[in-house]
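Here are my notes on this model, written for someone opening it for the first time. Please keep the structure in view while reading.

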Amino acid sequence: MSGFVLAIDQGTTSTRAILFDGQMKVAGSGQKEFTQHYPASGWVEHDPEEIWSSVVATVKAALKKAGRAASDVAAIGITNQRETVVIWDKATGKPIHNAIVWQDRRTAPLCNKLKTQGLEKKFTRKTGLLLDPYFSGTKIAWMLDKVKGARRRAEKGELLAGTIDSFLIWRLTGGKVHATDATNASRTLVYNIAENVWDEELLSILRIPAAMLPEVKDCADDYGATEKGLFGAEIKILGVAGDQHAATIGQACFEPGMMKSTYGTGCFALLNTGSDLVRSKNRLLTTIAYRLDGKTTYALEGSIFIAGAAVQWLRDGIKVIGKAEQSGKLAAEADPSQNVYLVPAFVGLGAPHWDAEARGAIFGLTRNSGPAEFARAALESVAYQTRDLLDAMRKDWKATSAKTVLRVDGGMVASDWTMQRLADILDAPVDRPTILETTALGAAWLAGSKAGVWPDAKEFGKSWALERRFQPDMDSSIRSAKLAGWRDAVRRTLSVP
């Protein structure tokens with residue numbers, strides 16, 4: 001059988017398809033951006049049909065660039081933006097509403113209502129999550145309540161719901177398979193991560209019919225096959241994982257204590273805790289890292305909503321840079337005597353604060369502050385937020401090494417300046433791998449290993465290669481002063497200080 005494996009990486013701002021060869025090298029790829037919809041303040045939506053068309057187009061582009069046919073592909077692995085959710089008609093496959101994106105904050109009132117009813121502890125105990133608009137469950141409830149006739153149709157069994165992976169699997173298989181994997185299920189707010197089942201009590205609280213939801217499978221499992229007419233031949237779908245979990249796999253973080261952080265639109269740090277389901281006391285999330293052969297591996301996760309999006313704001317919002325890659329060079333030119341802090345709470349603050357009502361703010365401006373100081377503040381905000389996560393992880397899980405090495409990936413890690421500042425603020429080494437496409441690689445490995453054409457986890461881990469290690473090189477007194485300034489800025493930004 002061919003060693004070619006195709007990864008579909010359906011992200012927040014674009015869709016990519018990457019064809020890997022038998023040596024796990026990129027043979028061809030395609031990428032397509034799609035529209036971001038902002039129908040109201042704090043609301044973010046995607047058109048599922050546009051996402052679907054972008055998937056088909058990028059898969060065809062990747063195959064064409066590699067000079068390969070669908071019949072050459074052993075399997076497909078899917079990785080996706082998590083928590084973004086779709087409800088569609090079971091008969092036609094047509095969505096009843098735009099997808100509500102993970103960044104969307106419209107369900108904050110519902111989350112607050114559930115909190116006042118004293119239900120957050122119940123949700124956290126069962127799901128490892130907090131009551132926040134970030135997660136999928138309240139988004140499903142909102143659509144059932146707000147789309148005319150949706151709840152009645154759902155109760156009659158006419159509608160299906162799922163995260164983006166489920167919607168794509170349904171479309172790719174021609175409506176034959178309604179499934180998701182354990183990682184995506186674990187982000188819905190209605191999946192019991194200890195028992196690995198949809199939780200009837202939580203579904204009842206949110207009034208979500210269980211029949212709408214997909215079957216939950218292992219990350220490496222049989223998800224059916226694509227319709228022959230789509231790409232010219234059937235291709236088996238054998239791997240699925242949410243993007244941050246796929247990146248954890250792609251970084252070969254298979255051992256407890258290993259940690260990765262992905263710097264894309266947001267920043268997501270996962271710490272592998274093995275079979276130990278660690279219940280956070282510092283407002284981190286407990287999540288399923290991956291589930292293989294029926295065995296669940298857990299993780300502590302810190303979710304930062306704005307990372308690369310802060311650079312996009314520099315480019316598109318205040319227009320101090322023309323291209324994202326200019327941010328590091330500009331930051332290096334900043335006046336070291338100025339202490340400008342950006343708290344990028346554009347859509348609220350994630351871990352460990354979980355303040356949906358907080359909004360972004362800049363502190364420490366002087367008459368001499370300019371584009372360079374703004375650029376440095378935006379990039380440093382990512383480092384400070386990561387330090388907050390690492391400190392919380394060390395408090396939650398004593399097995400976390402005081403000298404944790406952080407494996408990084410995502411678009412921002414190409415900037416040497418940003419990675420050096422990250423190491424300086426963390427006071428820990430930061431390892432950048434030779435292959436930065438770790439999310440797609442993780443999805444591909446799940447499918448390739450299941451197909452029997454790629455190595456097992458142990459051998460795959462040996463293939464991980466370091467491109468550069470960034471060692472901390474900042475005076476401890478400067479670091480301490482900078483961190484104190486950051487924490488003061490965050491305190492001033494919180495909706496309830």
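## Notes on helix packing, loops and backbone

1. Helix α11 passes helix α13 in a right-handed crossing. The model is a predicted one. The contact of α11 with α13 holds eight nonpolar residues, no polar and no charged ones. From α11 come Ala310, Val311, Trp313 and Leu314. From α13 come Phe374, Ala375, Ala378 and Leu379. The angle between the two helices is about 160°, and their axes are 8 Å apart. Angles over 145 degrees count as roughly antiparallel, so α11 and α13 fall in that class.

2. Look next at α13 by itself. It covers residues 371-396. At 1.5 Å a residue, its 26 residues should span 38 Å. The C-alpha atoms at its ends are 38 Å apart, so expectation and model agree. Is α13 enclosed or open? Buried means under 20% relative accessible area. By that cut-off, 23 of the 26 residues of α13 are buried, so the helix is largely enclosed by the rest of the structure.

3. Helix α10, residues 243-250, is also worth a look. How many of its eight residues are buried? Eight of the eight are, so α10 is largely enclosed by the rest of the structure. The buried residues are Asp243, Gln244, His245, Ala246, Ala247, Thr248, Ile249 and Gly250. After α10 comes Ala252, with a positive phi near 60°.

4. Now the pair α1 and α6. Helix α1 spans residues 48-66, and helix α6 spans residues 164-172. Their axes come within 11 Å and cross at roughly 65°. The crossing is right-handed. On the α1 side, the contact uses Pro48, Glu49, Ile51, Trp52 and Val55. On the α6 side are Ile164, Phe167, Leu168, Arg171 and Leu172. By class, this contact of α1 with α6 has eight nonpolar residues, no polar ones and two charged ones.

5. Helices α14 (residues 416-426) and α17 (residues 476-493) pack at about 90°, with axes 9 Å apart. That angle makes α14 roughly perpendicular to α17. Arg421, Asp424 and Ile425 of α14 meet Arg479, Lys482 and Leu483 of α17. Which classes make up this contact? Four of the residues are charged, two are nonpolar and none is polar.

6. Some backbone details deserve a check. Most residues other than glycine have a negative phi, and most peptide bonds are trans. The bond from Ala351 to Pro352 is cis, with omega near -5°. Pro352 sits in the loop between β18 (341-343) and β19 (361-363).

7. Two loop residues have a positive phi. Asn196 is not a glycine, yet its phi is positive, about 55°. Asn196 lies in the loop between β10 (191-192) and β11 (197-198). Asp293 also has a positive phi, near 55°. Its loop runs between β16 (285-292) and β17 (295-304). Is Asp293 buried or exposed? Its relative accessibility is 78%, so Asp293 counts as exposed.

8. Gly224 is in the loop between β12 (215-217) and α9 (228-231). It is partly exposed, at a relative accessible area of 21%. Gly224 and Lys176 are 48 residues apart in sequence. In space, their C-alpha atoms are 7.7 Å apart. Leaving aside neighbours within four places in sequence, Gly224 is in contact with Thr173, Val177, Ile235, Lys236 and Ile237.

9. Last, consider Lys126 in helix α3, residues 120-127. With a relative accessible area of 11%, Lys126 is buried. What does Lys126 touch, not counting residues up to four places away in sequence? Its contacts are Tyr191, Asn192, Ile193, Ala194, Asp199, Glu201 and Leu202.

Definitions and conventions. Residues numbered from 1 in each chain as written. Predicted model: local features only at pLDDT ≥ 70, side-chain atom pairs only at ≥ 80, totals over all residues. Heavy atoms only, no water. Helix = DSSP H or I, 4+ residues; strand = E, 2+ residues; numbered from the N terminus. Expected span 1.5 Å × (residues − 1). Buried < 20%, exposed > 50% of the residue type's maximum accessible area, 1.4 Å probe, protein only. Axes fitted to C-alpha atoms, helices over the stretch in contact; angles between N-to-C directions. Parallel < 35°, antiparallel > 145°, perpendicular 65-115°, else oblique. Left-handed = near helix turned anticlockwise from the far one by under 90°. Contact = heavy atoms within 4.5 Å. Nonpolar A, V, L, I, M, F, W, Y, C, P; charged D, E, K, R; others polar.
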